[in-house]
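This briefing concerns a single protein model.

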Amino acid sequence: MQKKAETLNNLPLSKIRVLVGRARHQAGALSAELRKHGAEVIEIPFIEIRKPKSFRPLDAALRNLHTYDWLILTSVNGVEAMWERLEKLKLDGTGSREGQHSIYVVSKDREGHEFTFEPALSERSEPKGAAGGANWIAASAAAGLRVAAIGPATKKAIEQRGCRVDVVPKEYVAESVVRSLRRSVKGKRVLLVRAKVARDVIPRELRAAGAQVDVVEAYETVVPETSRRRLQAALKSQRRHPHVVTFTSSSTVRNFIALLGGSRAALRRLRAVGGQSLPRASRGECPPHTPSHAPPYTRIQMASIGPVTSATLREMGLRADISAKEFTIPGLVDAIVRWRTAHRESTT
């Protein structure tokens, strides 16, 4: 037991409490990585994924997927929501009578010519789901559809369902998607599947490049009211508050602020436990003073997965103390480890 305790104490994030605010069903991956490095993880979701009020636009787009040149997916949530609708609509190369499988998917290409897609024999006996949805996308690919994913997690989610991803931008932000596709979309039809509330960079810039872009809502993100009391309690304790709060999207930032009662209330709560202060220097005011002798880990650090999330933190009056160099979950964990390691080295 003593040896195990010594091993845990030697891990880089030992004695560091990290608040994970991802949606409940997605928190596990980040939490597991943090625990591997010795962190004490507090899971309080800042975000909840819900179905849209209507699936009609998404359903119509999926039925006509073969008429598009590009399909862009910007999140794992979007992939999961789209596949769920493919199953619901039976857009999977299978028949609906008594579970019998159809042999062909019959459709038309962009010029109106009929074409057929025959699933492989091994796929005909597969249950509906990943393979079926892949069949429908493969049929659309036969008509010229290409698929773009905004990052490695989204790419992996698509590939796990049996589909090929043609483009992944070098940086996992909307601007990089635009740079990757700008020269390929003039005169093309683009389908963007995303959350109800999202940045308009991709549709705006691709339209400016000459593309016809259809944006459809696959899911929406809301503030989980059940987290309000837990989050406020977590930040109230001088001795048990988190040392690091993680943010994996702009929505998690905005919902964090909403759960704390707005920007001013959030700043008050954070200041009370040695947290952040509103950057007012640009208004000619001095920010509240943090004692110079206070070690960094006694203040709450805001850890951001990427530049868009960091910009939203600043917009909300917070600092991005820790920023991932690679805009992924492993990149975020690595940034937190680097922060902790740098602190230890500066105090030895």
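Helix H11, residues 250–259, is mostly covered, with 7 of its 10 residues buried; buried means under 20% relative accessible area, exposed over 50% and partly exposed in between, with a 1.4 Å probe and protein chains only. Helices (H or I, at least four residues) and strands (E, at least two) are DSSP runs numbered from the N terminus. The model is predicted: local features need pLDDT of at least 70 and side-chain atom pairs count only at pLDDT 80 or more, while totals for chains, interfaces and linings use all residues. Residues are numbered from 1 along each chain as its sequence is written, and side-chain values use heavy atoms, with hydrogens and water left out.

**Helix H11**

- The buried residues in H11 are Ser250, Thr252, Val253, Asn255, Phe256, Ile257 and Leu259.
- Their cover includes strands S9 and S10 (244–247), together with helices H10 (228–236), H12 (263–272) and H13 (307–315).
- After H11 comes Gly261, which has a positive phi near 95°.

**The open sheet**

- An open sheet is formed by 5 strands in the order S2-S1-S10-S11-S12, with parallel pairing; two strands pair if DSSP finds at least two bridges between them.
- S2 and strand S12 (322–323) are the edge strands, each pairing on one side only.
- Strand S1 (residues 17–20) is covered on both faces: Arg17 and Leu19 are buried on one side, Val18 and Val20 on the other.
- S1 pairs with strand S2 (residues 40–43) in the parallel sense over 4 bridges, and Arg17 stands opposite Glu40 in S2.
- S10 and strand S11 (residues 301–304) also run parallel, joined by 4 bridges; here Val245 is opposite Met302 in S11.

**Nonpolar cores**

- A nonpolar core is a set of buried Ala, Val, Leu, Ile, Met, Phe, Trp, Tyr and Cys residues joined through side-chain atoms within 4.5 Å.
- The largest such core has 31 residues, and those with the most contacts inside it are Leu71, Met82, Leu86, Ile137, Ile158, Leu191 and Val193.
- At least two residues of this core come from each of helices H3 (56–63), H4, H6 (130–142) and H7 (152–159) and strands S4 (70–73), S7 (146–149), S8 (189–195) and S9.
- H4 gives the most to this core, 5 residues.
- Apart from this core lies another of 23 residues, including Val245, Ile257, Leu260 and Ala266.

- Not counting residues up to four places away in sequence, Met82 touches Leu62, Leu71, Leu73, Ile137 and Val193, where contact means heavy atoms within 4.5 Å.
- Arg85 is placed in helix H4 and is buried, with a relative accessible area of 11%.
- With neighbours within four places in sequence left aside, Arg85 is in contact with Phe55, Leu58, Asp59 and Leu62.

**The second largest pocket**

- This pocket has a volume of about 290 Å³.
- Of its 19 lining residues, His25, Ile49, Arg50, Lys51 and Asn77 are the closest to its centre.
- Strand S3 (48–50), helix H4 (76–88) and strand S9 (212–222) are the elements that give two or more residues to the lining, and H4 provides the largest share, 4 residues.
- The lining divides into 10 nonpolar, 3 polar and 6 charged residues.
- On a 1 Å grid over the protein atoms alone, a pocket is an open set of points where a 1.4 Å probe fits, with protein on both sides within 12 Å along at least five of seven lines; lining residues have an atom within 4 Å of a point.
- Grid points are joined across faces, edges and corners, and a volume is the space filled by probe spheres set on the points.
- Ala, Val, Leu, Ile, Met, Phe, Trp, Tyr, Cys and Pro count as nonpolar, Asp, Glu, Lys and Arg as charged, and the others, Gly among them, as polar.
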